[in-house]
Amino acid sequence: MVFSRDTMIMVANFDISTPEKMTELGYALCRNCKGGEVFILISDLGGGKTTFVRGMARAIGEEDSISSPSFTLQNTYIGKNMTIEHFDFYRLDNPGIMTYELEEAIRQPNTIVAVEWPGIVLDSIPKDSITLTIKQSDKALRHVSVEVDSVHEYILKAVRL
């Protein structure tokens with residue numbers, strides 16, 4: 001973990017070798033969530049973003065099938081005490097009304113928001129969002145970097161993979 005006093009950003013890096021480990025990472029980070037967190041998920045196609053969200057959903061108690069919202073644009077996962085709103089803006093040139101859906105989800109105190117392909121909605125995403133960057137080094141290995149500001153440092157506490 002790297003900590004910079006100037007920017008108050010903490011960075012944790014993980015090497016993930018299987019889809020199960022990516023799910024575990026999602027679970028490990030989300031189990032500490034309080035609600036109101038926004039995760040920006042960055043990777044190429046097939047990088048593991050939805051697999052990560054599968055772990056997030058398990059952390060809130062949602063055991064149903066988790067799928068990519070590439071065609072539906074938004075999926076909702078309802079847990080015991082929290083909800084996850086999972087957005088995917090990959091297929092959109094203009095977010096239109098989805099911008100309002102995203103902003104509404106972000107305002108909900110018991111909701112965790114995960115955003116894939118956030119480029120066209122960056123103006124609607126809080127500056128203190130948690131950024132997860134996934135880079136593939138080969139077919140199986142993923143290098144995952146998680147950046148959080150000091151407000152969200154609790155997300156990284158007790159993460160053990």
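**Aromatic pairs and cysteines in a predicted model**

The structure I am showing today, which is a predicted model, holds two aromatic pairs, where rings of Phe, Tyr and Trp (its six-membered ring) pair if their centres lie within 6.5 Å, and planes under 30 degrees apart count as stacked, over 60 as edge-to-face and the rest as tilted. Local features need pLDDT of at least 70 and side-chain atom pairs count only at pLDDT 80 or more, while totals for chains, interfaces and linings use all residues. Residues are numbered from 1 along each chain as its sequence is written, and side-chain values use heavy atoms, with hydrogens and water left out.

Phenylalanine 39 and phenylalanine 52 make a tilted pair, at 6.1 Å centre to centre and with 55 degrees between the planes. Both phenylalanine 39 and phenylalanine 52 are buried, meaning under 20% relative accessible area, with exposed being over 50% and partly exposed in between (1.4 Å probe, protein chains only). Phenylalanine 87 and phenylalanine 89 are stacked, because their ring centres are 5.9 Å apart and their planes stand at 0 degrees; phenylalanine 87 and phenylalanine 89 are likewise buried.

Turning to the cysteines, a search of the whole structure finds zero disulfides, a disulfide being a pair of cysteine sulfur atoms within 2.5 Å. Cysteine 30 is in no disulfide, and its nearest cysteine sulfur, that of cysteine 33, is 4.0 Å away. Cysteine 33 is in no disulfide either. Cysteine 30 is buried, with a relative accessible area of 2%, and cysteine 33 is buried with a relative accessible area of 7%.
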